[in-house]
Amino acid sequence: MRKFYITSPIYYVNAPPHLGHVYTNVVADVLARYHRLKGYDVFFLTGTDEHGAKVARSAHKAGKEPKAFVDELAAQFQEAARTFHISYTDFIRTSDQGKHWPGAQKLWKQLDDAQDLYKASYKGLYCVGHEAFVTDKDLKNGRCLEHDIEPEVIEEENYFFRLSKYVSKIKEAILADTLNIKPPARRNEVLAMLEGGVEDVSFSRPSKDIPWGIPVPGDDTQTMYVWCDALSNYISALGYGRTNDENFRKYWPCDVHVIGKDILRFHAVIWPGMLLSAGLPFPKSIFIHGHILSGGKKMSKTLGNVIDPFQLQQEYGTDAVRNFVISEIPSFEDGDITIERFREIYTARFSNGIGNLVSRIATMIERFFNGEIKKPDQALLDNLPLKITDAACHVLGEEKTEESFYSSVQAIIHTEERKYHQALEDFNLNRAAQSAWLLLRHCDWYIQEYQPFKLVKEDKNKGEAVLWNAATLLLAGAWFLRPMIPETAEKIFEIFNVGSGGELLSWNEITGKSIQPLFPRLDLDT
Ligand code: ME8
């Protein structure tokens, strides 16, 4: 069985999870589910990054001991993962001394053995929001551009990692795509960083200043730099450094690290440098998505402009939130979210869209065909072409072409199926979801065009074939949406009694009965 190892970042537990964290986890979850559906043995890792100055200060502010504080917040991140049906295999916490520390410390020792760690004095500007030293180009009027806080001047002795030594090897791997950075714009950004010169990185902090961290092996006056600690989670969780490292041997190298664009340099430059130093293989790919913006600015705990995902979920349900972030945020760019837009999409895609189609088709099957229709003769189906309207082309931003008239419903499903799989291979989840929504819109137009509710009275066989085609478009849309909105897709397969979807277009009977609306309409006053 082919394996697929996928990771999300591990999130700082300095504040509760917000929609940005849910976004990355849903993206990773869609890819994990998609690969499971394709028969891969998937290991999906997520977790929390619990050490460092940022977390320790938040604990202090809350009047709590760091350990008690991180336990509480890590539980909230786990709750978020449950709420949004994140199908992770393991949840790693960097404060877990039994699970994470042995791997982090072993990796440190490997870097040390390779003589890539040296002690030096350093004076620089440290941004706690970044948990990194910053330079003038990261600042505006003396404040961090991303976090809008003033960095602190730090002068201390610590260990440095000889990252500069590995620049050309990292560049080679990126150019050869053995370390595949997606999308291309981010790949170019990393190449430019490498061209621009890379300095060695401070890899520890004095434990008197930063006691909340992993002690440096053999020198307890220092704790590991929080990013050195955090990046090692991707192998420590698999058992690296522990007696049982079976998972490490089975799943490393990682197939894809899913991250936001804010942490590109750490993953595409520092992490590969650490792996080279330790003699370990690179991850195969890194997929970098854009940011969710709120009011035009990155949604961030530090900026305080966050949307509470739990509240959204309570009002609209898990799948509405999952769908919004996948279908409405471009996979490779930033996307703004407002509650108004969220409600518009809920109404268009769910109550008026998929929910309405499910109940209309199920009711027609019950009313006109005693609750079951059977696959009609192919010849009959082939006589019912599907017109591609201008509106459909507009949805996908595509030119209307010769192909704009599909000989059959099956033909458009097969065309979209190819595009769907290609999009998911390219991590373009947004494009993959558009294929599904396109089929659902066609389903709607198809019913309007052929009017099966009238047709059944004139020609029952033809009416059944039209209804079959409409149901097929709907079921194929749900089939495509299985990784994105798994609960809704499963409900639809249940309503029409087609198992768990099985192979695309493999169903021979479709049953249906009238049901309560899947997605209630929003009360306009609220
Ligand atoms: O950086 N839009 O943790 P973090 C989209 N602990 N994604 C967002 C987002 C937004 N507005 N805000 C956060 C850290 N994210 C480190 C990572 S990994 C070894 C250590 C997502 O809590 C996005 O994936 O600041 C981003 O990269 C990550 O959360 C940063 O989370």
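**Reading loops, domains and a ligand site**

Q: Where does Pro-183 lie?
A: Pro-183 is in the loop between strand 9 (180-182) and helix 6 (184-195). Helices (H or I, at least four residues) and strands (E, at least two) are DSSP runs, numbered from the N terminus. This is a predicted model, in which local features need pLDDT of at least 70, side-chain atom pairs count only at pLDDT 80 or more, and totals for chains, interfaces and linings use all residues. Residues are numbered from 1 along each chain as its sequence is written, and side-chain values use heavy atoms, with hydrogens and water left out.

Q: Is the peptide bond from Lys-182 to Pro-183 cis or trans?
A: Read omega: from Lys-182 to Pro-183 it is near 0°, and the bond is cis.

Q: Which residue does a cis peptide bond join to Trp-252?
A: Pro-253 is the partner, with omega about 5°. Pro-253 belongs to the loop between helix 9 (246-251) and strand 14 (256-260).

Q: What is the phi of His-85?
A: Phi is positive, about 55°, although His-85 is not a glycine. His-85 is placed in the loop between helix 3 (66-83) and strand 3 (90-93).

Q: Which residues does UniProt list for "domain: Aminoacyl-tRNA synthetase class Ia"?
A: The unreviewed entry lists residues 3-94. UniProt annotations may be inferred rather than shown by experiment. In the model, residues 3-94 are 50% helix and 25% strand, with the end C-alpha atoms 25 Å apart.

Q: What does the chain look like over residues 136-361, by helix and strand?
A: That span is 42% helix and 21% strand, and its end C-alpha atoms lie 61 Å apart. UniProt (unreviewed entry) annotates residues 136-361 as "domain: Methionyl/Leucyl tRNA synthetase".

Q: Where does UniProt place "domain: Methionyl-tRNA synthetase anticodon-binding"?
A: The unreviewed entry puts the feature at residues 411-498. Here the chain is 85% helix and 0% strand, and 21 Å separates the end C-alpha atoms.

Q: How many residues surround the ligand?
A: Count residues with a heavy atom within 4 Å of the molecule. The number is 26, and the closest are Ile-10, Thr-24, Asp-49, Asp-262 and Ile-292. Strand 1 (3-12), helix 1 (19-37), helix 7 (226-231) and helix 8 (233-236) each supply at least two residues of this shell.

Q: Which polar side-chain atom lies 2.7 Å from an oxygen atom of the ligand?
A: Look for polar contacts, pairs of N or O atoms within 3.5 Å. The atom in question belongs to Asp-262. An N or O atom in the side chain of His-21 is 3.4 Å from a ligand oxygen atom. A ligand nitrogen atom is 2.8 Å from a polar backbone atom of Ile-10.

Q: How much of the ligand's accessible area does the protein cover?
A: With the Shrake-Rupley method and a 1.4 Å probe, the ligand has 670 Å² of accessible area on its own, and the protein covers 97% of it.

Conventions. A polar contact is a pair of N or O atoms within 3.5 Å; within protein, one must be able to donate a hydrogen and the other to accept it, and residues adjacent in sequence count only if both atoms are side-chain atoms.
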